[in-house]
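Work through these exercises with the sequence and the 3D view open. Try each task before you read its solution.

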Amino acid sequence: MKKKTVVKVALDVLMLAVIALMYRKQALGLAFHEIGGLLLIGIFFVHKGLNFKWIRRVTVKLRTADNRTRLMWIVDALMLVAFLIVGVSGIMISKVAFPGLAVQGGPWKSLHYGCAALSLILVGVHLGLHYRYLKGIFSRWIRLPRAVAAVLVLFLMAYGAYGVAATSFTRWLAMPFSADAQRGEGSRGGNFPGAQPADASQSSESTVPIDASQPSESTQSVDATLPEGESDGSGRDRAPGDGQSFGRGGHEEPSGSALGALSTLAQFTSIAFLFAALTALIDRALRKKSRLAGA
């Protein structure tokens, strides 16, 4: 196998792992969240630099390219835009890396949440479109019986679907289109789209979103939908979704814990895998239909 191919696959795996860890700041701490996010964008540009010849060739002949190649180019372009928006908005709401640039209000937080969730979908679609290429590479290292592979794929898809439903993932996608965002207020002074009013008697089961604050030291459970800017009784403001992660029985791991990092990695990697698997299945069906039509 060519060294360049190994590097490209390694960068794909690294990007997926880092982006998954971005969705819960407590996973490895706020500093990693902000600095790691900027590192992720750098890795993305390095990865695209290794594919620059393909990008240049397709860009020049985009109008005459086949639909699949054109779709791959569009997905990559959208990934670039989404990553850049996440990076710029992250700097504008930074608390560690660029505290002097942090702004109050504005659409930055909503854009950060929404484009970060969109980025995960685009990464999944990107991997799904390269399914055959990746399968050819990994099959040299890992060989599973077809039945075992099928069961594993179904399990990961089911876990990914559960992650989409059980976390605030769909709410993050909707945040840039919420009423508060349209007024230029981001998520300040209001709940997530569709969220219920805060109730301090309810325990949170939603995963902490990308720009959530650090976990409270309070022993009382607080609803994750408590609007940012409202006090939770611990002497600080809570960001939307700043609650306990799902799937852990209402107990949240401390910041930087190995269990928390692994849980976050599994949750959001499975969501990306869900979109990758769906993309690969649709791509396979379209290829089969094209072959039958040409027969």
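This is a predicted model: local features need pLDDT of at least 70, side-chain atom pairs count only at pLDDT 80 or more; totals for chains, interfaces and linings use all residues.

**Exercise 1. Contacts along the chain**

**Exercise 2. The chain as a whole**

Task: How many helices and strands does the chain have, and what percentage of its residues is buried?

Solution: Start with secondary structure. There are 10 helices and zero strands. Written in sequence order, the pattern is α-α-α-α-α-α-α-α-α-α. Next, turn to burial. A residue is buried if its relative accessible area is under 20%. Of the 295 residues, 44% are buried. Finally, look at the surface. The chain exposes about 15,400 Å². Carbon and sulfur atoms supply 66% of that area.

**Exercise 3. Helices α1 and α10**

Task: Are α1 and α10 roughly parallel or roughly perpendicular to each other?

Solution: Find α1 at residues 3–21 and α10 at residues 258–294. Their axes come within 8 Å and cross at roughly 115°. Angles of 65 to 115 degrees count as roughly perpendicular. So α1 and α10 are roughly perpendicular to each other. Their crossing is right-handed. Now list the residues that meet. From α1 come Leu16, Ala17, Ala20 and Leu21. From α10 come Ala261, Thr264, Leu265, Phe268, Thr269 and Ala272. Sorted by class, this contact has eight nonpolar residues, two polar and no charged.

**Exercise 4. Helices α5 and α10**

Task: At roughly what angle do the axes of α5 and α10 cross, and which residues make the contact?

Solution: Helix α5 covers residues 108–129. The axes of α5 and α10 come within 7 Å and cross at roughly 45°. The two helices are therefore oblique to each other. The crossing is right-handed. On the α5 side, the contact uses Leu120, Ile121, Gly124, Val125, Leu127, Gly128 and Leu129. On the α10 side are Phe268, Ile271, Ala272, Phe275, Ala276, Thr279 and Ala280. The class count is 11 nonpolar, three polar and no charged residues.

**Exercise 5. Leu50**

Task: Where does Leu50 lie, and which residues does Leu50 touch, not counting those up to four places away in sequence?

Solution: Leu50 lies in helix α2, residues 30–50. Its relative accessible area is 26%. Buried means under 20% and exposed means over 50%, so Leu50 is partly exposed. Setting aside residues up to four places away in sequence, Leu50 touches Lys4, Val7, Lys8 and Leu11. Now compare Leu50 with Thr5. They are 45 residues apart along the chain, yet their C-alpha atoms are separated by 9.3 Å.

Conventions
Residues are numbered from 1 along each chain as its sequence is written. Side-chain values use heavy atoms; hydrogens and water are left out. Axes are lines fitted to C-alpha atoms, for helices over the stretch in contact, and angles run from 0 to 180 degrees between N-to-C directions. Helices (H or I, at least four residues) and strands (E, at least two) are DSSP runs, numbered from the N terminus. Angles under 35 degrees count as roughly parallel, over 145 as roughly antiparallel, 65 to 115 as roughly perpendicular and the rest as oblique. A crossing is left-handed if the near helix is turned anticlockwise from the far one by less than a right angle, and right-handed if clockwise. Contact means heavy atoms within 4.5 Å. Ala, Val, Leu, Ile, Met, Phe, Trp, Tyr, Cys and Pro count as nonpolar, Asp, Glu, Lys and Arg as charged, and the others, Gly among them, as polar. Buried means under 20% relative accessible area, exposed over 50%, partly exposed in between (1.4 Å probe, protein chains only). Accessible areas come from the Shrake-Rupley method with a 1.4 Å probe; for residues, only the protein chains shown count as cover.
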